[in-house]
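This report is meant for a reader who is meeting the structure for the first time.

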Amino acid sequence: MEGLKLPSSVPGTSSLFPKFAFPVRPTTRTVHSTGLIRRSLAISPCILSCKYFDLKGAHDSHIKRKASVQPVMEESIEEKPNDLSVSGNSIRRRFLDFYASRGHKVLPSASLVPDDPTVLLTIAGMLQFKPIFLGKVPRQVPCAATAQRCIRTNDVENVGRTTRHHTFFEMLGNFSFGDYFKKEAIKWAWELSTAELGLPAERLWISVFEDDDEAFDIWHKEVGVPADHIKRMGEDDNFWTSGVTGPCGPCSEIYYDFHPERGNLDADLGDDSRFIEFYNLVFMQYNKRDDGSLEPLKQKNIDTGMGLERVARILQRVPSNYETDLIYPIIEKASELANISYGLADDPTKSKLKIIGDHMRAIVYLISDGVIPSNIGRGYVVRRLIRRVVRIGRLLDMRGDGRENLEGAFLPAIAEKVIDLGTHIDSEVKTRAPRILEEIKREEYRFVQTLERGEELLEQMIADALSSAREKGTEPCLAGEDAFLLYDTYGFPVEITIEVAQERGVTVDMNAFDTEMEKQRRRSQAAHHAVKLEVGDDAELTANVSDTEFLGYDTLSAKAVIKSLLVNGKSVIQVPEGSEVEVLLNKTPFYAESGGQIADHGLICVSDGENQQRTVVEIRDVQKSMGSLFVHKGTVKEGVLEVGKEVEAGVDPKLRQRAKVHHTATHLLQSALKKVIGQETSQAGSLVAFDRLRFDFNFHRPLLDDEILEIEGLINGWIGDAAVLQTRVMPLTEAKEAGAIAMFGEKYGEEVRVVEVPGVSMELCGGTHVSNTAEIRGLKIISEQGIASGIRRIEAVAGEAFIEYVNSRDYYMKQLCNNLKVKAEEVTTRVDNLLEELRMARNEVSLLRSKAAVYKASTIASKAVLVGSSKEIRVLVESMDDTDADSLKSAGEYLINSLQDPAAVVLGSSPSEGKVSLVAAFTPGVVELGLQAGKFIGPIAKLCGGGGGGRPNFAQAGGRKPGNLSSALEKARSELMAILSEKGS
């Protein structure tokens, strides 16, 4: 079910959504329990009525701000007054007012763009205070309170699917900079939650770090929370860090229980269906360094975070954060544009609307804080979110701007609602609204231009992956090259590709995608230059520069006119010598990278004239932009380049020939594969370069050596046939009817170019090709390997690269024959013999080293020390210099067999730079005393930067810090003697 469609005249769906309900609040009347366990909270009248301190002297006396909280008691419940607002804005205000009345300075939210190189965006309320927590800058106030805008995208796949995950959220926080600490933070958090916000005490649970007894006692003994409502949790849950580096410390969290009727036995705070964490108290005591070590902060600090959306959900009694008044009006607007009733929609539709509601908040506030959509860094975050919303909106059939313009962008209409709600979140958002809306509209239009073609291609890729998986009985996987094509050509964030594929049960080969990204960066950041051009003033550029006429099928040189010059993405009139430049011509013989074939290299020259300096531009790359504009990228080697000049554009003929050879060879390779392994195999990616070709194809297993030989034989036979290629332009439908195969990665219009090797191959292809297969001269497959589930890759060389490859291998073979004094056909046997001799020699060396170590061990056996009074136990801890690990093991085994039981031996060595080896060997008598070698050696190895373990009687370990070996052995000696002296007495 897509979701119930409403008539277009229906203005909204709010009447279908339940009204916010108000929770009950404890009264000030208390009844003390006669038992030792007190059940819930009621607040002393003093808490609600009396002032804690005079604000003028708030910082003069710490005692004046001491929290006063009564123990947990039986409560008497009344209905909460209806005039007490629980709106998101009210909760935010009440939080800030609560801490302002306790001496906290209320500070504005910091920007989402942090002044911190360790994080990309503001991910926590404490980030603006990090320098204070680290002691790098002095505090301006003893304590503060904020409502901080935050962005986190690490869990973006959970947005809309759970009740609580968001990319944008507000974190309410109170902070102490060496002022108050654990006791006050805990008591105020409880008072805020129960007295101010009115949460029933019996529904609140507490978590503390497993070793934090102090926090446990404060919660239990001073606040009065029952022990069975306090959970000790490990480092993953209750030791907070701000990132890879920075302030950290143990924390304590407050959870709300939606289902107390389930009882206390085996209650799991990680059960999202029952509990939600809404307040986190971090007791900041340490700074985490780059190496992971912790150093104490100069002052103990408090960092807390209360999720505004979560508290609003609890107080407004709605099913999820998304139905609160902070987000739901945005969802209502999206529902209106989609002509859908949220209240009657199915779960998948609701999830889509929730994603829109969440992401639009993030988009608006990121742009408000100056983040512009781009393909790098923060810009990529906002672009990724915008494109995700556009795609989801189109799935919900959103069309138009809600003002009867069906061709208009719909994101600005939703963004306006976000801005209307945002006065209390970002006071500047309304003044920045025109810029925000224009940026969003421009980015939506830009994405829509390519989205439809990209969606069709992605759908076909997924269908192919599913079909191939069914045929081969494998797990469906989308090739990384496909995902990269969508990212690079169609602007699909890879996260969207992954998400769409996952919806269809298809994985994405991210390793291959990352490989393609790295190759792109190495190719002089070609794609980034293209982006610079595209994210500039496209309308102005296309208005001034017409499409480039491509002449490269028929000629390698042509006269042309410079229509535009760009430097660093900016249009210029003149470019001096030595500058990097992008040149747009009215016509060109240069082939622009596409269809897997890399671009031509060559020169653009301005001929010498009377009193005119010669100008030469070396072209190293050509990219297509905005359809048919050819962007020639290079360096001005001589002279000055100017717009309007007539130039001679010339392609390097040798490099063009190499590309032509490899491209035609790629077509022959696909035909040969289909003949040898089956017609069902299909192309999954390709690269046509000057030095090689690469061809990815669907197949479920490695090719056999005989199959590779057969493929090479077919191709070289076709090359020897000297077939004349035929190239025609025809309607796409006619080409398909003729049996032409589509070239991977190409985009086709109504008219297509068909390249045919008669009787062998017919493909749709816009690349450059040889005229006769004889020009290829020969082909050699140099590698065949798997790159993903069901995807294989062949790399091969042809033409001049083939000759170079053969000559190179011949040279190395001759060198090998000369060195081994054998004929070429005898090399394999000779190498096998040498490897066997080497293996035997290594075994002999290892045996000699082991004997030497045993001999050395025999000389130090007399150094064993006797400990214990009633039972004499021998303890031997020694260094054996540079003895290798295997020999050290032999020495340990010798000693433990030589020394009288009971005995304990620990040996250490540094066999090479940056390496430590350790051995612990205990006789049965020592093991019976409760000492185990495996457990003993681990902590000793940690002192040397390593670890290890083993059996109770024998264990090995290693490390990376030889400089610590002496102290580690001394530690082992002292601990062994102390433990065994006690046990032997």
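## Salt bridges and their surroundings

The count comes to 48 salt bridges, a salt bridge being a side-chain nitrogen of Lys or Arg within 4 Å of a carboxyl oxygen of Asp or Glu. The model is a predicted one, in which local features need pLDDT of at least 70 and side-chain atom pairs count only at pLDDT 80 or more, while totals for chains, interfaces and linings use all residues. Residues are numbered from 1 along each chain as its sequence is written, and side-chain values use heavy atoms, with hydrogens and water left out.

Three of these pairs are set out below.

| Pair | Closest N and O atoms |
|---|---|
| Glu443 and Arg383 | 2.7 Å |
| Arg387 and Glu443 | 3.6 Å |
| Arg793 and Asp696 | 2.7 Å |

Arg793 lies in strand β32 (residues 791-798) and Asp696 in strand β26 (residues 693-698), so this pair ties together parts that are 97 residues apart in sequence; helices (H or I, at least four residues) and strands (E, at least two) are DSSP runs, numbered from the N terminus. Both Arg793 and Asp696 are buried, where buried means under 20% relative accessible area, exposed over 50%, and partly exposed in between (1.4 Å probe, protein chains only).

Glu443 forms a salt bridge with Arg383 and Arg387 forms one with Glu443. Arg387 lies in helix α10 and Glu443 in helix α12, so that pair ties together parts that are 56 residues apart in sequence. Glu443 is buried, with a relative accessible area of 0%, and Arg387 counts as buried at 6%. A network of salt bridges also links Arg149, Asp369, Asp426 and Arg432.

Helix α10 (residues 377-395) has 19 residues and reaches 28 Å from its first C-alpha to its last, close to the 27 Å expected at 1.5 Å a residue, the expected span being 1.5 Å times one less than the number of residues. Of the 19 residues in α10, 16 are buried. Just after α10, Asp397 takes a positive phi of about 65°.

On the surface, Glu210, Asp211, Glu235, Asp236 and Asp237 gather in a patch of negative charge; patches are made of residues with over 30% relative accessible area and no salt bridge, like charges being joined within 9 Å and nonpolar side chains (Val, Leu, Ile, Met, Phe, Trp, Tyr) within 5 Å. Asp237 is found in helix α6 (residues 235-238) and counts as partly exposed at 45% relative accessibility.

Key
Areas by Shrake-Rupley, 256 points an atom, 1.4 Å probe, with all protein chains shown as cover. Lys, Arg positive; Asp, Glu negative; His and termini not counted. Charge placed at Lys NZ, Arg CZ, Asp CG, Glu CD.
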